[in-house]
Amino acid sequence: ELCKGINGLEKVVLREVRGFSAEVYLYGGHVTSWKNEHGEELLFVSSKANFKPPKPIRGGIPICFSQFSNLGSLEQHGFARNRLWSVDTDPPPFPTTSSNKAFIDLILKPTEEDMKIWPHSYEFRLRVTLGPGGDLMLTSRVRNTNTDGKPFSFTFAYHTYFSVSDISEVRVEGLETLDYLDNLQNRERFTEQGDAITFESEVDKIYLSTPTKIAILDHEKKRTFVIRKDGLPDAVVWNPWDKKAKAMADFGDDEYKYMLCVEAAAIEKPITLKPGEEWKGRQELSAVPSSYCSGQ
Ligand code: BG6
């Protein structure tokens with residue numbers, strides 16, 4: 001089941017009967033590929049991505065835990081994306097996917113070194129499932145296993161990089177009229193005006209308390225991505241545009257045209273767990289030909 005990926009890092013390949021596939025690296029518990037039945041890649045991974053610890057992988061679905069962005073004392077986006085996860089040989093039962101074999105269970109627990117930067121004991125279980133029909137589902141379960149009686153709080157995001165044909169032709173639906181914090185303006189709070197969201201410059205916004213369904217319409221590819229989320233009230237929308245792209249060593253200068261991050265997240269209200277408590281956060285992605293979506 002495990003095989004060697006780039007730079008000898010271990011990965012798991014999931015396959016679905018219709019021909020969809022997905023790849024998950026143990027490094028970061030990181031989904032790096034999701035392909036449809038025609039072999040087309042649906043996630044964006046930079047041609048300059050480092051598959052080299054301790055750098056996180058640029059693209060796919062990094063897991064931001066236990067901190068989103070720099071909203072705390074930890075490194076940017078927390079530590080989960082640059083830790084080596086393990087295959088979870090004893091996962092708890094997941095009733096909804098028990099008949100589906102195309103899944104992998106990973107687990108992350110802190111090492112003694114980790115406890116020095118975030119002094120909490122936890123079990124983070126991640127199940128990645130490729131559903132019948134090719135939907136990609138990620139379920140995260142975080143349990144507080146502190147024995148000192150202390151609660152802990154965290155913020156979280158599935159930092160999904162979608163592959164798009166041309167960012168200036170892309171629309172996002174489901175976030176119009178919502179409040180957001182603008183990362184480009186000191187996280188000040190604004191209200192989105194007007195219609196569906198389109199892109200003509202750098203965007204870095206945290207939309208608050210969004211609907212559970214968000215759509216990314218890619219007219220050129222005639223494809224719509226649908227994101228469904230549960231336990232994750234917020235949604236980050238990020239595109240670095242040309243200037244930031246040039247400033248990132250692991251991102252091609254023009255690659256901003258071919259990607260968009262829409263991140264199911266819990267940011268505004270951190271999750272707090274008492275010892276023994278568990279939190280669950282789920283995202284489900286589907287990629288559908290646009291013609292099937294008319295009228296939605
Ligand atoms: C987004 C943040 O989620 O991630 C941005 O909102 C950030 O502010 C981006 O620039 C990329 O972060 P990183 O650490 O992967 O370069």
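This is a predicted model: local features need pLDDT of at least 70, side-chain atom pairs count only at pLDDT 80 or more; totals for chains, interfaces and linings use all residues.
Residues are numbered from 1 along each chain as its sequence is written. The protein chain has two helices and 20 strands; here helices (H or I, at least four residues) and strands (E, at least two) are DSSP runs, numbered from the N terminus.

**Overall shape**

- Along the principal axes, the C-alpha atoms of the protein chain fill a box of roughly 50 × 45 × 35 Å.
- Of the 296 residues in the protein chain, 41% are buried. A residue is buried if 20 or more other C-beta atoms lie within 10 Å of its own, exposed if 12 or fewer, and partly exposed in between, with C-beta atoms placed from the backbone.
- Among contacts in the protein chain with a separation of 6 or more, 65% join residues 24 or more positions apart. Two residues are in contact if their C-beta atoms, placed from the backbone, lie within 7 Å.

**The eight-stranded sheet**

- Eight strands make an open, antiparallel sheet in the order β6-β7-β8-β9-β20-β17-β16-β12. Two strands pair if DSSP finds at least two bridges between them.
- At the edges are β6 (86-87) and β12 (170-173), each of which pairs on one side only.
- Strand β8 (residues 122-130) is mostly covered, with seven of its nine residues buried.
- On one pairing, β8 meets strand β7 (residues 103-108) in the antiparallel sense over six bridges. Here I104 stands opposite V128 in β8.
- Strand β8 also pairs with strand β9 (residues 136-144), again antiparallel, over nine bridges. In this pairing R127 stands opposite T139 in β9, and E123 stands opposite R143 in β9.
- The hairpin of β8 and β9 has five residues between the strands, and G133 there takes a positive phi near 100 degrees.

**The nonpolar core**

- In soluble globular proteins, nonpolar side chains tend to be buried together.
- The largest nonpolar core holds 75 residues, and F162, V262 and A265 touch the most other members. Such a core is a set of buried Ala, Val, Leu, Ile, Met, Phe, Trp, Tyr and Cys residues joined through C-beta atoms within 7 Å.
- Strand β19 (residues 259-273) supplies the largest share of this core, eight residues.
- Leaving out residues up to four places away in sequence, A265 touches F68, F156, A157, L232, D234, A235 and V236.

**Around the ligand**

- The ligand is surrounded by S69, Q76, H77, H159, N183, D204, V236, W238 and E263. A residue counts as near a molecule or strand if its C-beta atom, placed from the backbone, lies within 6 Å of it.
- This shell divides into two nonpolar, five polar and two charged residues. Ala, Val, Leu, Ile, Met, Phe, Trp, Tyr, Cys and Pro count as nonpolar, Asp, Glu, Lys and Arg as charged, and the others, Gly among them, as polar.

**Backbone details to look at**

- Most residues other than glycine have a negative phi, and most peptide bonds are trans.
- S69 is found in the loop between β5 and β6 and counts as buried, with 20 C-beta neighbours inside 10 Å.
- R187 also has a positive phi, near 55 degrees. R187 lies in the loop between β13 (179-182) and β14 (188-191) and counts as partly exposed, with 15 C-beta neighbours inside 10 Å.
- The peptide bond from P53 to P54 is cis, with omega near 5 degrees; P54 sits in the loop between β4 (30-35) and β5 (63-64).
- F65 and S66 are joined by a cis peptide bond with omega of about 5 degrees, and S66 is found in the loop between β5 and β6.
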